Amino acid sequence: MSFVAEFNKLPLAALQKRSSAATTASVREAQAQTRITLADFAELISPAASEWLEPVCRRSQALTQQRFGKVIRLFAPLYLSNECVNNCKYCGFSRDNPILRVTLAVDEVLREARALKEQGFRNVLLVAGEHPKFVSKEYLLECVRALHEEIPGISLEAGPLETGDYRPLVQAGADGLVVYQETYDRAVYSEMHTSGPKRDFDWRLETPERAYTAGFRRLGIGALFGLSDWRHEALSVAAHADYLLRNCWKAQLTISLPRLRPCAGEFEPLTHIADRELVQLVCAFRLMFPDAGLVLSTREPAKLRDGLIPLGITLMSAGSHTEPGGYTGAGKEHLHQTLRGRIVELGASEWAAGRGDTRHATGQFDIADERSPREVADRIRRLGYEPVWKDWDAALTA
């Protein structure tokens, strides 16, 4: 049975009701359990659990150090393309947004990767919008092949593919696949995705399973907080993670907790999750999934990221750019503007006026932590942790 079938049977309304009705006594009982169930998780993310945040944080910290040691793995996103055929109301790359777009040539991708390598990174996430013409499976394969000899850790975050299309990517050297459901609320999902292949909720939801069958050894999931009730999303992600750990157990699992950030299109979050609630959520995930990697990106401000390091986070991005060519300026010669999916001349656009060589592709969203990779690594060390730039090499499987 796929997760779609299991998801359709989840008693999410009952679990949310349990969370709302939680008491100090029920939270105390839940957090004391050796093995946290989904019902216990509902207690741990409840309003009542806020009073138990300090002891839960201590247990989360102890569990993280026990399973991962005092290390933080670092990675960088490398954006290949901001072309996209999907209309997603919350995304800067949405097809109808009139933005500057580009798809990097393979040699330009290599330039970007080498710039990241010079900064220390050996773990790179290749990110792209979903556009079969510009970001084809053949293009992705060329990119992976070009980077494999120099970057030992390559993960992908692009449009979902069939299992058979993923296999060549794994064979070429890609070891991780990241796919966020964005929102697990079907009604909101339908409202947010107005056109394009991303409208298919079930197809996207089954992507990690197809990736596992194809041989990826890392799977990353998450919800984008700001679209639906955060507790509903958290319960759904927890159920998804539990399913993958039971059925795709040979792969390592990571869970990301991104919050919406400003982007082209000026979409405003529909819901809100406060900093304290995010801390509560990180700890709840750690208690339920002691061995899962928890990811925190540069969407979050530096002070909050530093504070979350001891509490359960194991993987962080640093020095991120969310536009293609952001690290070296690659692709500037090929910029074009699109208007409702159609390319228009830059010379006739306000985008070209007075910008000269300072023009660059539009990013997916604004980052909040603008520190350099070196600054982030130095801060990790001052907190008593060790930044890890590389923890995998294909030679380990030889």
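Predicted model: local features only at pLDDT ≥ 70, side-chain atom pairs only at ≥ 80, totals over all residues.

Reader: Great. Let's start with helix α13: how far apart are its end C-alpha atoms?

Author: They are 20 Å apart. Helix α13 covers residues 275-288, and at 1.5 Å a residue its 14 residues should span 20 Å, so the two values agree.

Reader: And is α13 mostly covered or mostly open?

Author: Mostly covered: eleven of its 14 residues are buried. Among them are L278, V279, Q280, L281 and V282. The buried residues of α13 also include C283, A284, F285, R286, L287 and M288.

Reader: Nice. At what angle do α5 and α13 pack?

Author: Helix α5, residues 53-68, packs with α13 at an angle of about 45°, and the axes are 9 Å apart. The two helices are therefore oblique to each other.

Reader: Which residues in α5 and α13 meet?

Author: From α5 there are L53, V56, C57, R59, S60, L63, T64 and F68. On the α13 side they meet R276, V279, Q280, C283, R286 and L287. Sorted by class, this contact has eight nonpolar, three polar and three charged residues.

Reader: Okay, another pair. How do α6 and α7 cross?

Author: Helix α6 (residues 106-118) and helix α7 (residues 137-148) cross at roughly 45°, and their axes come within 9 Å. That makes α6 oblique to α7. The crossing here is right-handed.

Reader: What makes the contact between them?

Author: V106, V109, L110 and A113 come from α6, and Y139, E142, C143, A146 and L147 from α7. By class there are eight nonpolar residues, no polar ones and one charged.

Reader: What about α11 and α12, at what angle do they pack?

Author: About 20°, with axes 11 Å apart; α11 is residues 207-214 and α12 is residues 230-247. That makes α11 roughly parallel to α12. α11 passes α12 in a right-handed crossing.

Reader: And which residues meet there?

Author: P208, E209 and Y212 in α11 meet H240, Y243, L244 and N247 in α12. This contact has four nonpolar, two polar and one charged residues.

Reader: Time for single residues! Where is V295?

Author: V295 sits in strand β10, residues 293-296. At 5% relative accessibility, V295 counts as buried.

Reader: What does V295 touch, leaving out residues up to four places away in sequence?

Author: With those left out, V295 touches F75, T254, I255, S256, L257, I313 and L315. L315 is 20 residues from V295 along the chain, yet their C-alpha atoms are separated by 4.7 Å.

Reader: You mentioned E182. Where is E182 found?

Author: In the loop between β6 (176-178) and α9 (186-192). E182 is buried, with a relative accessible area of 10%. Its phi is near 75°, a positive value in a residue other than glycine.

Reader: Which other residue has a positive phi although it is not a glycine?

Author: E266 is one, with a phi of about 60°. E266 lies in the loop between β9 (252-256) and α13. E266 is exposed, because its relative accessible area is 69% and the cut-off is over 50%.

Reader: Last one: what does D306 touch?

Author: Not counting residues up to four places away in sequence, D306 touches R371, R379 and L383. D306 lies in helix α14, residues 302-308. With a relative accessible area of 13%, D306 is buried.

Terms used:
Residues numbered from 1 in each chain as written. Heavy atoms only, no water. Helix = DSSP H or I, 4+ residues; strand = E, 2+ residues; numbered from the N terminus. Buried < 20%, exposed > 50% of the residue type's maximum accessible area, 1.4 Å probe, protein only. Contact = heavy atoms within 4.5 Å. Expected span 1.5 Å × (residues − 1). Axes fitted to C-alpha atoms, helices over the stretch in contact; angles between N-to-C directions. Parallel < 35°, antiparallel > 145°, perpendicular 65-115°, else oblique. Nonpolar A, V, L, I, M, F, W, Y, C, P; charged D, E, K, R; others polar. Left-handed = near helix turned anticlockwise from the far one by under 90°.
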